[in-house]
Amino acid sequence: MSCISEQLKQLALQSLRLSNPNPRVGCVITTPDGREIGTGHTQRAGGPHAEVMALRDAQARGESVVGATVYVTLEPCSHHGRTPPCCDALIAAGVGKVVIAAGDPNPLVAGQGAERLRAAGVAVEWLPADHEAARASRELNIGFFSRMVRRTPWVRMKMASSMDGVTALDNGTSQWITGEAARADGHAWRARACAVLTGIGTVLEDDPMLDVRLADTPRQPHLVVIDSRLQTPTTARLFNTPANGLPRQLWIYHAVRDAEREAALQTLGATLIPMPSGHGKVDLPAMLGDLARREVNELHVEAGHKLNGSLLREGLVDEILLYLAPQLLGKGAGLTDFGPLQNLQDGVQLAYESVDKVGNDLRILARRQGRDGFLGDMT
């Protein structure tokens, strides 16, 4: 099983930048004696899922799947969404057994896929929750699980600074604190997200495109701008088509209403979403709920210290992705702006997930303690 577990993981990883907002799923089909006869992974939304791709692969190889064993990283779906139910395809193909690494948290599935298979005479086996394939499936789909269980995206905040926490000099210079390898790695994290979020301060100061340029991707993440007073310039590069020509949505959340400004931005293709908090600001928790309804699984934040501070202050950040450059810059802009705190224990408590060297820089992935509890057992 260990070889199949690694193969399933690698297959699911092929959906990492492809399948959003659908989960990343891998599938392997073997004969009862263990000979591989088909593999597949989930395609673009609206395209075939992993199980169907594996069935097609077996057919292309001239193999019969009658009585075969199907290994899949996530419970086969049982509802008509963009595609027909995968459990029906497996039943129609005549497979004998399905081994499932993790349950699907989608309320439209959530055990119903397994029950439909059993009702049709297909044997179903769940891997233990602590099995490597089960853990890998839940982690790879942490955003999908978050959207389905918590009704909010998994929020990952990306930051880059010197070792003393400076993100820009007092004169505004910030490009580039980290090296080329770290910047390319940051684009790879952008590519896996459903959407990238920034604030109007970053738009006005840096005029970024926030697209994926330094990593191969079959899709561009959508773009989210928090712009309480509708200050986004109509000349902003956010409206430019990315170099690879891949389409993306631009959602601007605002607090004030200005029909003329709204019309001008809408003409450029932006979707304007009024979401006032009552204090002249955007209601950030409500915004996350709305993004979940727009099928955003992982939200990748690249913003300035003020918006970073607001998101942290309201307890909305799940994970920190921090790149540290091996230099000291002294006085300058910091990573976040919240507090001051009266007690050390009032700080944002994190747990290190990984610390890796990327080029000459360090990449630290740290998670808010307890934020992944919703992953649960799901078996």
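Tutor: Just after helix H11, glycine 315 takes a positive phi of about 70 degrees. The model is a predicted one, in which local features need a pLDDT of at least 70 and side-chain atom pairs count only at pLDDT 80 or more, while totals for chains, interfaces and linings use all residues. Residues are numbered from 1 along each chain as its sequence is written, and side-chain values use heavy atoms, with hydrogens and water left out.

Helix H11 itself comprises residues 305–313. Such labels denote DSSP runs numbered from the N terminus, a helix (H or I) having at least four residues and a strand (E) at least two. In H11, the buried residues are Leu307, Asn308, Gly309, Leu311 and Leu312. Buried means under 20% relative accessible area, exposed means over 50%, and partly exposed lies in between (1.4 Å probe, protein chains only).

Strand E13 (residues 319–325) deserves attention next. Seven of its seven residues are buried. Both faces of E13 are covered: one side carries Glu319, Leu321, Tyr323 and Ala325, and the other carries Ile320, Leu322 and Leu324.

E13 also has strand partners; two strands pair if DSSP finds at least two bridges between them. E6 and E13 run parallel and are joined by seven bridges. Within this pairing, arginine 156 has glutamate 319 of E13 as its bridge partner. E13 and E16, by contrast, run antiparallel, and six bridges join them. There, leucine 321 stands opposite leucine 365 in E16.

Strand E16 (361–368) is followed by a segment that holds phenylalanine 374. Phenylalanine 374 counts as buried because its relative accessible area is 14%. Leaving aside neighbours within four places in sequence, phenylalanine 374 is in contact with Ile142, Phe145, Ser146, Val149, Arg150 and Trp154. One of these contacts, valine 149, is 225 residues away from phenylalanine 374 along the chain, yet their C-alpha atoms are separated by 6.7 Å.

Let us return to the backbone angle with which we began. Most residues other than glycine have a negative phi, and most peptide bonds are trans. Glutamate 295 has a positive phi, near 70 degrees, although this residue is not glycine. With a relative accessible area of 30%, glutamate 295 is partly exposed.

Elsewhere in the chain, alanine 110 likewise is not a glycine and has a positive phi, of about 35 degrees. Alanine 110 is placed in the loop between strand E4 (97–100) and helix H4 (112–119). Its relative accessibility is 46%, so alanine 110 counts as partly exposed.

Finally, there is a cis peptide bond between asparagine 20 and proline 21, with omega about 5 degrees. Proline 21 belongs to the loop between H1 and strand E1 (26–30).

Methods: Contact means heavy atoms within 4.5 Å.
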